[in-house]
Amino acid sequence: MGGSNAPNPGVVEVSPEDKQRALEDLLFQSLGDGKCREFVSGYFSPDVRIDMPRGPASDRDVIAWLCGLIGQAQHPERPTENRLITQEFFKALLPYAAKHRERIDAVAAHWEIKLPEPEPEDDPAGHALRRWLAWRIEALNELPGLLDPRGTARTLSTLYVQLLNQPVDGPDEAIPRALPLSKLLDRNPSGRFTVQGDPGSGKSTQLQHMARQRARQALAALEAGAEPKPSSLPILLPLPSLIRQGLSPLDAAAQRFRQAGQISGLWGDPEAAALTEALRARVETGQVCFLLDGLDEVAPQRVPEALKRARDWSAAYPRCALVLTSRRFGYQRPSDLFSELELRPLGEQEQRKLLTRIIRDDARVEEVMQLDGAPESLRRMMGNPFVLSLLGVIARDPEAELPNRRLALYRMAIPRFIRGVMRDPNHTAARLLDEHGDPPDAEKVQAAFSEMAFELLQVDSGPWTTHQISDALRKSKPGRWLLGFAASPEELPPLIAADTGLICPEDSSGPRGRTDTWRFLHRSFMECLAAQALHHRGLPEVKRFTRRISGRRHLLEPSTWWGPLRDQTGRWAEVFVMLAGLRPDGVEPMDFIRQLRGLHEGLFVVALAEVEDLPVDALAAELGGGQGFDLALIRELIGRVNDREALARLFLSVARRSPDSAELLQLLGAALVATGVEEKWLDELRLIAGGGYALGIPAGFWVPIEPGTFQMGSPDDDEMARDNEKPQHPVQISQGFELMRTPVTQALYAVVVGENPSDDLGDLRRPVDSAGWSDAQAFCTQLGRLSGRRVRLPTEAEWEYAARAGEPARFWWGDDPSEAAAHTWFEGNSDGRTHPVGAEGHTNHWGLSDMSGNVWEWVSDWWQDSYKVGILANSFVQTGSLLPMVKDPQGPKDGVYRVLRGGSFLSAPWYLRSAYRSWSSPGLRYWSNGFRCALGPGPQR
């Protein structure tokens, strides 16, 4: 603590009361312009719970409370949980109170603190760089008002839970496991990355937290007289603003610093120019990292320009890291130089940690984690940080009923933004309304916001100028009512931002108090509000509006002009999803869906996502007995409809209407597998299709494989064995997992990925062929998204363990290769082509079919020439054998080739042995190569 420092020479003894009073006066002069609460919020560690004065407490009250905490921290007999370090407190005050430096030094001396000397005048660039970093550290720690409606000092640093990134198409040799973005930049300080994620997945928050973390480290290095590490000076900016203004990231960073100085009066144009000089010099040494947020929010007509400029910046800053973020649907890769990452959903442990920090009531946290009656879709969405934060905010009210659907969640959260601040008389809008003699009316305010969102969305997808916001409000009665409470139309957007948090400056980490461009705190709020505005208009107006926008292609098209059917609905897609959940008054769900299908196929598909009690028979009849279903539409329904059982019933209803359509039945069967529905739905579909393997999807699609041990490889006395199968050694598979009963079929691959790469076409029950290892990884990733489960390739050890099915012989049926024709498709009986999976007699003792022949199967491991290195490198338990037992081997950490197992329709019996190993380049798409997937935890690097 500061009190443990030796007293400074010449310091006059000052009573505790006088020390506190002097500090109060200094703080009030420095922070009395409303900054005291935001200043205080940065000085507590994330695990500290504090009770700042609430409600009508004045700035002076907050300052007095803060000084009391400092006094407690100083007193040796009165320890405080707040752990406020006085030395750091005074140092952090310096940027706020630069004009009072002499007085700060004097007051600090009362507390026995010696502060660093003022910056030397001969280093203006270094001085500006330190100022800039201190300003960024403070600005980047702020949270939306809903998470901190009463100034309880919950900052980004107190609430943030670690977000992990993984390659879009599965494991990558450079990224062996999911990692924080900061670690990826540490590994590759000049890397180029794109980070994709769903709405609310934490893309912007991850950048904000990482930028603050790196700014703190860089400032500490500079203050210690050292240079920052590579890629540690963060320039975080909204990409749409850069494109619209035509600025480079360096120029934009200096411009925002200049604006912040003009507002605060703490620095001016010379320091902004010096900052530009300092940053340019450090770009040359690779110390800067560029973090550009929101590729999907760039205006559609300017997307090609944004991609080109990203490539230009990549070339201009070769030694610096460059990161772009985007929603999935608005994404296009700028160039092959960029590694594509996606944010991984929060795991259960991270979910509980975030909820605990928001709610601070363990019993209520557990209630949220259980969410009785919630559909599986909402449970999956709890991995989304934004959705989970809203749940936590609602759950802070012990009397609130927790929502069990996404739409209900947004509809409960939005009024809390409005009412939460309007109850607080410290907020400007509440005081302004009271002065006019009209108390705040949250419902009227929400109606005004709904109309505003609806009008703004017709103009553009954002951001919007102050003038556009005021103009949107004038077009409705609730909006004009709200405008009447502001002194001028230009005053209202800042008041809405300050007093509800529903909108915020386009660059939320930029200078406060000067902005003319605004965005919604979260796009989902805007979409929910716009849906409510349409809902209040009723079905006739909904139909008129839909016809109108259907004729204006730029309103329906997304930020890019490619991608699946879902993307063709553009900015209105989620609005109609939510509108379907709201249902216009007096309208039956089927009537509304029928109207949408007649107006726009894309809007019809996305509207199904939020419909409860899906009217499956009526919908199947509407679709013409299955004739309306094609491959693209099936894939859309899989990805969009939240209720998996309703989707299964819909598919079965369609199948009953077209029982003779083999191709349709195969596609529907594959679609059901992709959804991860219960086996009973597949059983019913098999009955409709005539039983057997007509669907290409045998009963019990996922086969459970129990943990166990086996001898991997071939013994030395086997004349058919090759050196790369040796030495034979004991292996332990310590965790149970599930394995697909058959290789992935062409039907399943087409439904999940959207194309069929196979060379041998004609029957969708055949295994997919001509698939590279990278294709297999991409399939696993996509099937995992659709089913909500962890889908992966099996390891080489898992594959051989399952292929043997407890049989130590060469083949799962024994040692005799002459019996191959009865158990597999190989060169002797295949007629040079693949065959439908699951043929009679081709299933091993554990119920797995086609483990030998038909197609080679990719596994996850890199190739190694023998097992010797793996035996020594892997963790093991000692046994009585000469070789140690290897536990869950995963193969080498890197390599050139990936392993293939099992042989194919072109193979001689020699290649069909359980121990036989082959290899190929991961990108090679050979016509005899396929794969099957595993399900479950599996080993992690």
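## Ground rules

Buried means under 20% relative accessible area, exposed means over 50%, and partly exposed is anything in between (1.4 Å probe, protein chains only). What you're looking at is a predicted model, where local features need pLDDT of at least 70 and side-chain atom pairs count only at pLDDT 80 or more, while totals for chains, interfaces and linings use all residues. Residues are numbered from 1 along each chain as its sequence is written, and side-chain values use heavy atoms, with hydrogens and water left out.

## The chain as a whole

The protein chain has 941 residues, and 57% of them count as buried. It holds 39 helices and 21 strands; these are DSSP runs numbered from the N terminus, with helices being H or I of at least four residues and strands being E of at least two.

A contact here is heavy atoms within 4.5 Å. Take the contacts in the chain with a separation of 6 or more: 72% of those come from residues 24 or more positions apart.

## Two spots to look up

Start with Pro270, which sits in helix H12 (residues 269–284). Pro270 has a relative accessible area of 66%, so it is exposed.

Now try Gln332, in the loop between strand S5 (321–327) and strand S6 (339–343). With 30% relative accessibility, Gln332 counts as partly exposed. From C-alpha to C-alpha, Gln332 is 9.0 Å from Val303, and 29 residues separate them in sequence.

## H14 against H17

Helix H14 (residues 348–359) and helix H17 (residues 385–395) have axes that come within 9 Å and cross at roughly 40°. That's why H14 counts as oblique to H17: under 35 degrees would be roughly parallel, over 145 roughly antiparallel, 65 to 115 roughly perpendicular, and the rest is oblique. The axes are lines fitted to C-alpha atoms, for helices over the stretch in contact, and angles run from 0 to 180 degrees between N-to-C directions.

On the H14 side, Gln351, Leu354, Leu355, Ile358 and Ile359 make the contact; their partners in H17 are Pro385, Leu388, Ser389, Gly392, Val393 and Ala395. Sorted by type, that's 8 nonpolar, 3 polar and no charged residues. Nonpolar covers Ala, Val, Leu, Ile, Met, Phe, Trp, Tyr, Cys and Pro, charged covers Asp, Glu, Lys and Arg, and the others, Gly among them, are polar.

## H20, tucked away

Helix H20 (residues 442–459) has 14 of its 18 residues buried, so it is largely enclosed by the rest of the structure.
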